[in-house]
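Have a look at the model first, then go through the notes below.

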Amino acid sequence: MISTHDLGKRPGTMLERRLSLPAPADLGVDMIGVPKDAEVELDLRFEAVMEGVLVSGTARAPLAGECARCLDPISSEIEVGLQELFFYSDEDASEEDSLLDGELLDLEPTFRDAAVLALPLSPVCGDDCQGLCVECGIRLADAGPDHRHEKIDARWASLQGLVTENDNDQEK
Ligand SMILES: [Zn+2]
Ligand SMILES: [Zn+2]
């Protein structure tokens, strides 16, 4: 909860705040997310308007997860833009709108929504990640460029036979 006490209720009043808050639990998708209790840095502007308090700004949070190609642990960070109007009274607000709780406002749902949208769907440890060998599962970066499995496709194998037979015919 963030207090808007210093802001007052006079429309036009503005306040800027930098805050850092612990990340909420369960903020993530399959491969990557914001670790619980990691520090989320908020750079916020609070503006008193007629109906309530308009909050806008950015949030930066660390990410931890694993590479979708090679499954190595990765860490990075996201920065998301936030904007939410918190109403003084539910008379002005619709059901989806956010309300102030006295002088307090809860920015967590706003941050959560923005952060989930910003998460990479298939995070990679690097753009050049080669992933794992589909045959044996070894990391291709470790295996080296010469790593391959000799496997002749049955259809090509029979073609090889044809070529050999033709060669034999010509020799006759
Ligand atoms: Zn990788
Ligand atoms: Zn292999």
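At 5% relative accessibility, Cys70 counts as buried, where buried means under 20% relative accessible area, exposed over 50% and partly exposed in between (1.4 Å probe, protein chains only). Keep in mind that this is a predicted model: local features need pLDDT of at least 70, side-chain atom pairs count only at pLDDT 80 or more, and totals for chains, interfaces and linings use all residues. Residues are numbered from 1 along each chain as its sequence is written, chains are lettered from A and ligands numbered from 1 in the order in which they are written, and side-chain values use heavy atoms, with hydrogens and water left out.

- Cys70 sits in the loop between β6 (52-66) and β7 (73-87), and Cys125 in the loop between α1 (108-118) and α2 (140-143), 55 residues apart; helices (H or I, at least four residues) and strands (E, at least two) are DSSP runs, numbered from the N terminus.
- Cys125 counts as partly exposed, at 39% relative accessibility.

**Helix α1**
- Thr110, Phe111, Ala114 and Ala115 are buried in α1.
- They cover an arc of only 120 degrees around the axis, so they lie on the same side of α1; the arc is that of the directions from the helix axis to the C-beta atoms.
- Asp113 and Leu117 are exposed on the other side of α1.
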